[in-house]
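Please keep the sequence and the coordinates at hand while reading.

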Amino acid sequence: MDRIIQQFFNVEIMIAAWPMLLDGLGVTLLLCLAVIPLGLAGGLLAALGSLARSRWVRLPTIFFVDFFRAVPPLVLLIFIYAGLPFAGLRISPFTAVVIGFFLNNSAYYGEIFRAGIQSVGFGQTEAARSTGLTATQTLAHVVLPQAVRNVLPDLLSNTIEVVKLTSLASVVSLGELLHAADMARSVTYNASPIVLAALVYLILLWPFVRLVSRFGRGLGA
Amino acid sequence: MTQWERFLDTFFNAAVLAKYTPAILQGVWVTVWLSVLIVLAGIGLGVALAVIRSFGWRLASFAIVVFADVMRAVPPLVLILIVFFGLPNAGIFLSSFFVLFVVLALVLAAFAEEIVWAGITSVDKGQWEAARSTGLGFGQSLAFVVLPQALRMGIPPLTNRAIAITKMTALGTVIGVPDILNQATTAQSFSGNASPLMLAAVVYVALFLPLVILSRWLENRFAWRKA
């Protein structure tokens, strides 16, 4: 028991590692600030594309969405980070991570927005158009507000996944929270810094996880 | 070499591909085997936990909620690193394959529990009352009336979650599980060529694209949409 506490909950090591983890947390938050808005914007475009009337837009968009839902995010990250330099493209870890997550998240957010838009009855669009609103105005003022409200729980739960996914950036040595904790782990030969990182993620995300569960009640998840 | 030839040589080099395809195929076996184990154990445990929770024992329900919340809030890679690097120093030695299996199965169990529980609570109360009034016991009502409906409602989100978590078997690379991605990154560093990574990406798409399309179909087929 003592060994387990020494190995996982060593307070001295946690205190010593805290400043490093705080720097890492800053990078994680910065990454979220870049990746969440980009993913939402890309997802909205993907949703509109996969509902487009022209099949030249619709089919490639659906393929894009399914393709990036099929590739594991870590494979995508390593491909971009380690593969592209072979083709002569040198990019920073941060750029590689942002590009990878943009592609992955757009696909996931896209599916959610599509379900939301489809949940708004077509009569709404017809009614809006008949009052003289243009197609863009109808989308912005009538369809999207209702669509977003209908899929808010899914948007929230996907955003939690996005924040958790930023931990993969540690694999391509971007100095975010998990990377900082793992550096501290390898210096101290002790898992406590990673346990501390887990606690930080827990504190950060737990309220939202609770909220998702609350939404799920009676909605069939 | 023209640009195009250089591109082909970098990402589709036939000699490199021929040399490392067997290793990557071995990785496919590891990935598929792990995925099957994770899905069976994770969904099995998740359904069991949701059933236990429906009995309403306060202490058990509290423990299940805490477990599900923690597993859903902490990134899987963090859990994998804690277990893999922490336990040996505490005197417990587990293979990387086993660590990956246990962590991902527990994460899937947490999500499955929440999905099935949401299903159980969304079954109308009248269904319970009707079942009990015909003389079924609590356990029978749960097993024959409520749970089948809860599971049916849960099929689309469960499928999506199972796909998302089996894709995470690629995280095993970090702790040295010889899966597809691990074989590919090893081959890439030995050959100094990106073709193995390209092959790995193609293999993942070939494995998961049918599942993604299946989940799309299930969503249309099984969703009981309320207007």
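**Chain A and its partner**

Among contacts in chain A between residues at least 6 apart in sequence, 76% join residues at least 24 apart; two residues are in contact if their C-beta atoms, placed from the backbone, lie within 7 Å. The model is predicted: local features need pLDDT of at least 70, side-chain atom pairs count only at pLDDT 80 or more, and totals for chains, interfaces and linings use all residues. Residues are numbered from 1 along each chain as its sequence is written, while chains are lettered from A and ligands numbered from 1 in the order in which they are written.

Chain A contains 10 helices and 0 strands, where helices (H or I, at least four residues) and strands (E, at least two) are DSSP runs, numbered from the N terminus. The order of elements in chain A is accordingly α-α-α-α-α-α-α-α-α-α from the N terminus on. The C-alpha trace of chain A spans about 70 × 50 × 25 Å along its principal axes. Of its 221 residues, 43% count as buried; a residue is buried if 20 or more other C-beta atoms lie within 10 Å of its own, exposed if 12 or fewer, and partly exposed in between, with C-beta atoms placed from the backbone.

For chain A, the unreviewed UniProt entry annotates "transmembrane region" at residues 27-51, 63-84, 90-109 and 187-209. UniProt positions are given in the numbering used here, feature names are shortened, and annotations may be inferred rather than shown by experiment. In the model, residues 27-51 of chain A are 96% helix and 0% strand, with end C-alpha atoms 36 Å apart. Residues 90-109 of chain A are 85% helix and 0% strand, and their end C-alpha atoms lie 28 Å apart.

Two loop residues of chain A deserve a look at their backbone angles. Most residues other than glycine have a negative phi. Ser173(A), however, has a positive phi near 50 degrees, and its place is in the loop between helix 8 (152-165) and helix 9 (177-188) of chain A. Ser173(A) counts as exposed because it has 12 C-beta neighbours inside 10 Å. Tyr189(A) likewise is not a glycine and has a positive phi of about 55 degrees; Tyr189(A) lies in the loop between helix 9 and helix 10 (192-216) of chain A. With 10 C-beta neighbours inside 10 Å, Tyr189(A) also counts as exposed.

Chain B carries the "transmembrane region" annotation, again from an unreviewed UniProt entry, at residues 28-52, 59-85, 91-112 and 197-218. Residues 197-218 of chain B are 100% helix and 0% strand, with end C-alpha atoms 31 Å apart.

Within chain B, the axes of helix 2 (residues 14-54) and helix 7 (residues 138-167) come within 11 Å and cross at roughly 140 degrees; axes are lines fitted to C-alpha atoms, for helices over the stretch in contact, and angles run from 0 to 180 degrees between N-to-C directions. Helix 2 of chain B is therefore oblique to helix 7 of chain B (angles under 35 degrees count as roughly parallel, over 145 as roughly antiparallel, 65 to 115 as roughly perpendicular and the rest as oblique). Residues of helix 2 of chain B, including Gly42(B) and Ile43(B), meet residues of helix 7 of chain B, among them Leu158(B) and Ala162(B).

Finally, the two chains meet: 46 residues of chain B are in contact with 44 residues of chain A. Helix 9 of chain B provides the largest share of the side of chain B that touches chain A, 9 residues.
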